[in-house]
Amino acid sequence: MPEVKSILREVLPKQGQLYVEDVPTMVLCKPKLLPLKSVTLEKLEKMQMEAQEAVKQQELALKEQVQQNYTVRRENILLKG
């Protein structure tokens, strides 16, 4: 198919005002993935988990210490009696 040359050519006025209509169009861009949790929230949760783990370790150590004291006292009572 032969190329068709445009018969119309652009004409700019030498006097008066020039009106140009600019129609805004939407520009689609790549979507940005946002984290479900903020970095600060993750740090706080990590600190809380570590604190809970430390409390559990202290409770276990305290229970073991109480159990040992109970056992020693019981043996002392049995040896004396």
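Of the 81 residues of the chain, 0% count as buried, where buried means under 20% relative accessible area, exposed means over 50%, and partly exposed lies in between (1.4 Å probe, protein chains only). This is a predicted model, in which local features need pLDDT of at least 70 and side-chain atom pairs count only at pLDDT 80 or more, while totals for chains, interfaces and linings use all residues. Residues are numbered from 1 along each chain as its sequence is written, and side-chain values use heavy atoms, with hydrogens and water left out.

The secondary structure amounts to one helix and zero strands; helices (H or I, at least four residues) and strands (E, at least two) are DSSP runs, numbered from the N terminus. The chain is more spread out than a compact globule, because its radius of gyration is 41 Å, well over the 12 Å that the globule rule gives for 81 residues. That radius is taken over C-alpha atoms, and the rule is 2.2 Å times the number of residues to the power 0.38. Along its principal axes the C-alpha trace spans about 125 × 40 × 10 Å. The chain exposes about 9,700 Å², and carbon and sulfur atoms supply 60% of that area; accessible areas come from the Shrake-Rupley method with a 1.4 Å probe, and for residues only the protein chains shown count as cover.

Helix 1 runs over residues 39-80. An unreviewed UniProt entry carries the annotation "coiled-coil region" for residues 41-68; UniProt positions are given in the numbering used here, feature names are shortened, and annotations may be inferred rather than shown by experiment. In the model, residues 41-68 are 100% helix and 0% strand, with the end C-alpha atoms 41 Å apart. Tyr70 is also placed in helix 1, and Tyr70 counts as exposed because its relative accessibility is 52%. From Tyr70 to Thr25 the separation is 45 residues in sequence and 81 Å in space, C-alpha to C-alpha.

Val20 lies in the segment before helix 1. With a relative accessible area of 63%, Val20 is exposed. Together with Leu12 and Leu18, Val20 makes a nonpolar surface patch of about 340 Å². Patches are made of residues with over 30% relative accessible area and no salt bridge, like charges being joined within 9 Å and nonpolar side chains (Val, Leu, Ile, Met, Phe, Trp, Tyr) within 5 Å. Val20 and Glu45 are 25 residues apart in sequence and 57 Å apart in space, C-alpha to C-alpha.

Side chains of opposite charge can pair when their charged atoms come close. A search of the whole structure finds one salt bridge, defined as a side-chain nitrogen of Lys or Arg within 4 Å of a carboxyl oxygen of Asp or Glu. It joins the side chains of Glu45 and Lys37 at 3.0 Å, N to O. Glu45 is partly exposed at 31% relative accessibility, and Lys37 is partly exposed at 38%.
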